[in-house]
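Open the model in your viewer and keep the selection tool ready. This tour goes stop by stop.

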Amino acid sequence: MYESELNEFDARQFIKKRKPTAIRRVCCLTRVSTLHEQQTNALENQNVWIADLVKKHEGEWTFDIEYDLYVDRGISGTGLKNRTEFNDMIAKCKAGQYDLIVTREVSRFMRNAVLTLSLVNELAECGVEVYFVNDGIWTFRGEDHFKLTIMASYAQQESEKISERVFSGQAISRKKGIHYGTGNILGYDLYKPDAKSSERTTYILNEEQAETVKMIYSLCLQGKGMKKIKYYLEEHGYKTAEGYSVWHVSTIRHILRNYTYTGNYEYMKSVTISPLTHKRVSQLDREKRQRKEGKFPAIIDIDTWEEVQRQIDSNMMHGVDKEGKEYRRGMHKGKNLYCQKMRCSCGRRFRFDMGKAGSGVYRCYSFAAGASRSVREQRGEITNCIVDGIIDWKLDLFTVRAFQYLSINIEEVKKKVHQVIAKVYRPKETAPVSEGQERMEKDICDLEMQKSKLLDIFLDGGMLSKEEYQRKNKELVDKVQSLKDELNKVADCESPVDRKQTLLRQVDNFVNRILEFPTIDDTIIRVPEAYIETYIQSIKACKGNVFEFTINMKKQEKQMNESKLIIDNSSNILFGECRIGYEEAKSYANKLKRKVIRKQWETPVIIRVYGSMK
């Protein structure tokens, strides 16, 4: 802002700005959003134009085209991400290296109105002015600020309209079934007869790779997980689309999820939610995706593909939104209960590693794959995590002490379970499993395993012909069916009263087995997982050997999402606090025949138990 344009009542005169000097240190900015040939030529024209402009201000500006010209090639102007040259220029301006930024127009500087005005104000506070040549805007001139607001909004609106046109063109392409992507997909080779048009682009079947795809789907249908499929492919020498022998779980998951193998295109698997941030999110709801019949052969039939999706989805966590609609979260639920419940004070999860001696340790993910505490401190990184890890028996001891604040009557729990079963039990429902039924079900399971092994031998190309495989497989199928028929007869013969009594006996055995606290010499050594799952909301491992247990005080209608555990106890009720020292730890560890290192207990462990009504 020039002083001649300010009056004594204008507050802007108090902003500390450097006055324009006779010779100003200038940097120039040019940008194109794509690397297409036409845009590249436009960039060269901008650079020539900059050189001519600087010549006209010779004696007023100092500018070196080799060091003071900043060029963004093929980068969108709607944000700061990936704009290395632009960010470098802004940083040097704030450091006092330049007095003036020169660019052709507002749209070359930024296509985001909010960011444009914010950056201009930040630069003004550092005494740096911006000159938009074609728009005739000098940011230090008072009357140009309103004009800049209008031009920045116009540049943003122009970018949004470009995005709308792109989206409309993509919608038309989807209706025509035009191919998207580079075509690097296992099982197919891309056929592109016309380099300028995608309408005739399609896939050609790659027979060798297609057999690999079929094997992956076959292994999945046999019940093998992603890692087992990975090890099988690597062991038997199957190659990826790039020809590598090492497979990744993410690659296998992508193959099993790819609808293209059915001979059809699937669009809208991810969508851009904002033309300014260009942020894309995955479209997890497959019903909202668009599908179009392709003109290339299928490797997997649709029924097989759908069955694979159901099998994968059955192993995934599901939740319910506010409207009661079920959705897939896209994450596996950890098997270790403490890993589900516990978080480090830094906010990250814990990983459980089993040692060679039979004991395990819980480590925060911030340090599980990182450096030691001393190295992290040298780097200036977070050091309030439990770097050394938490031995499994120690965590069991902490949980036992935390549960001393709860009084749980096992007999009362059993009584309530009996009442619930007696109330909801109906004789027409499926009968409970007796000892004879358990034996027959085990035999059926063994026969199913034999069928699976027989199929593996046949697929591995062993000494087993197709006819011999079919004969042996039929024998196993007949035995399974015979056992199932006999199993149904046994279930029908048992009376409803006997069924109910059998069920109640099984409930008693289950409750006694699951809900009883394990003891050694009348000392409780562990809390059953059923109680931990029901009563503990979260466990927070804090710096200074402090562990905060949060207990559920309100009935949970649905299971809490473990990815959003609440570990802030500032608004919860503190039930009590206890300390665990070396002597108590030694007494507990001796019963388990575990070692105790005195040095690790120089600072007693503090257990705090909170109650949550959330």
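Is the crossing of α13 and α19 left-handed or right-handed? Select both helices before you decide. The model is predicted. Helix α13 covers residues 392–402, and helix α19 covers residues 582–592. Their crossing is right-handed. The two axes come within 11 Å and cross at roughly 115°.

**The α13–α19 contact**

Show side chains. On α13, pick W393, D396, L397 and R401. They meet E584, A585, Y588, A589 and L592 of α19. Colour this contact by class: 6 residues are nonpolar, 3 are charged, and no polar residue takes part.

**The largest nonpolar core**

Next, select I390, F398 and I607. Within the largest nonpolar core, which has 36 residues, these three touch the most other members. Helix α13 gives the most to this core, with 6 residues.

Centre on I390. What is I390 in contact with, leaving aside its neighbours within four places in sequence? The list is M342, F350, G360, V361, Y362, L395, F398, A541 and F547.

Now move to Y188, V213, M215 and I252. They are among the 29 residues of another core, which lies apart from the largest one.

**Aromatic pairs**

Turn to the rings. How many aromatic pairs does the structure hold? There are 13.

Select Y70 and Y98. Their rings pair edge-to-face, with 6.2 Å centre to centre and 90° between the planes. This pair links distant parts of the chain, 28 residues apart. Y70 belongs to strand β3 (residues 69–73), while Y98 is in the loop between α2 (84–94) and β4 (100–103).

Jump to Y259 and W305. Here is another edge-to-face pair, at 5.0 Å centre to centre and 80° between the planes. Y259 lies in the loop between α8 (249–257) and β9 (264–267). W305 is in helix α9 (residues 302–314).

**Last stop**

Select F86, F109 and F132. These three form one aromatic cluster.

Conventions: Residues are numbered from 1 along each chain as its sequence is written. This is a predicted model: local features need pLDDT of at least 70, side-chain atom pairs count only at pLDDT 80 or more; totals for chains, interfaces and linings use all residues. Side-chain values use heavy atoms; hydrogens and water are left out. Axes are lines fitted to C-alpha atoms, for helices over the stretch in contact, and angles run from 0 to 180 degrees between N-to-C directions. Helices (H or I, at least four residues) and strands (E, at least two) are DSSP runs, numbered from the N terminus. A crossing is left-handed if the near helix is turned anticlockwise from the far one by less than a right angle, and right-handed if clockwise. Contact means heavy atoms within 4.5 Å. Ala, Val, Leu, Ile, Met, Phe, Trp, Tyr, Cys and Pro count as nonpolar, Asp, Glu, Lys and Arg as charged, and the others, Gly among them, as polar. A nonpolar core is a set of buried Ala, Val, Leu, Ile, Met, Phe, Trp, Tyr and Cys residues joined through side-chain atoms within 4.5 Å. Buried means under 20% relative accessible area, exposed over 50%, partly exposed in between (1.4 Å probe, protein chains only). Rings of Phe, Tyr and Trp (its six-membered ring) pair if their centres lie within 6.5 Å; planes under 30 degrees apart count as stacked, over 60 as edge-to-face and the rest as tilted.
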